[in-house]
Amino acid sequence: MDPHSRAFTFVDRIVSFEPASHIVGRYSIPAEIAEFPQSLISEAIGQLAALAAMSAVDFKSRPVAGLAECVELLGTAQPGQTLELSAELASVDGEAVSYSGAAFVDGLPVVRLHHCVGPMVPMAEFADPDVVRGAFAASLQAPGLTGGFTGLPCLLLAPEIIEPGRCHRARWTVPASAPFFADHFPRRPVFPGSLLMHLKLQLAASLVSVLPSPDNRSRWTVRSVNDVKLRAFIPPGESLDLEATLKRHSADAATIFVQSRNNSRIIGGARIELTPALIP
């Protein structure tokens, strides 16, 4: 397979597979990239679950990002490390897949996904079913596939502070072209929901940066992203308005609601939960 077509694929090898039930995989993060954010770890878990779901419907359909009840952010992964991935499918058919999953580094959990639902869409609209079927078969063989991910493009926001520590906004335009569009997806390029969440976490970090520190030894740290919803496909070149609003703040917890719009149309939203963590 052309490595360029794996520019946004984060499963190298399927280690074990029980059809329509359980799947275990692995991804070696390229050592030469600058970072591998937590949003991409959650993407890797979702991609593993998607492989199991596509296999269950003979690659006639594929899931896309939809809903996630909870994404626990428990740790980080660094370039050069290997993600051990697993996913459990609660149900799958031609309409949707329901699953949970986790990613580990050196035996320790770094991200867990709970109660996710991905609507199924016709495979042929997004990619060649035979190519995807072949990639799945190749990933079942040792040593597995080689990756084509070369790092993220610039995804930096310039937040507008509406009310310091209460409401921060930003406008961001999806690139008209980027290497990951060749993989996500070849026949219908779509901006990945995981990268949208990466932007929202940046905006939440801008807001929380002006909140009082819990104490001199701690800083606010994202623990989970809850009630994640993505309502529409985001094509290349689309302009988005992002907003982060503080909903709750105490000495030991903070809640930030993040939302994205295209003009007046809501694209997606989520609730970010933060707690104090000791500064290393």
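Tutor: A residue is called buried when its relative accessible area is under 20%, exposed when it is over 50%, and partly exposed in between, using a 1.4 Å probe and protein chains only. By that rule Met54 is buried, because its relative accessible area is 3%. This is a predicted model, in which local features need pLDDT of at least 70 and side-chain atom pairs count only at pLDDT 80 or more, while totals for chains, interfaces and linings use all residues. Residues are numbered from 1 along each chain as its sequence is written, and side-chain values use heavy atoms, with hydrogens and water left out.

Met54 sits in helix α1, residues 38-56 (helices are DSSP runs of H or I with at least four residues, numbered from the N terminus). Leaving aside residues up to four places away in sequence, Met54 has contacts (heavy atoms within 4.5 Å) with Phe59, Ser61, Arg62, Pro63, Met123 and Val132. Ala20 is 34 residues from Met54 along the chain, and their C-alpha atoms are 9.1 Å apart.

Next, the rings. Rings of Phe, Tyr and Trp (its six-membered ring) pair if their centres lie within 6.5 Å; planes under 30 degrees apart are stacked, over 60 edge-to-face, and the rest tilted. The whole structure has 14 aromatic pairs. Phe180 and Phe181 form a tilted pair, because their planes meet at 55°, with ring centres 4.6 Å apart. Both residues, Phe180 and Phe181, are buried.

Last, the cysteines. There are zero disulfides, a disulfide being a pair of cysteine sulfur atoms within 2.5 Å. For Cys116, the nearest cysteine sulfur belongs to Cys70, 9.0 Å away.

How values were computed
Helices (H or I, at least four residues) and strands (E, at least two) are DSSP runs, numbered from the N terminus.
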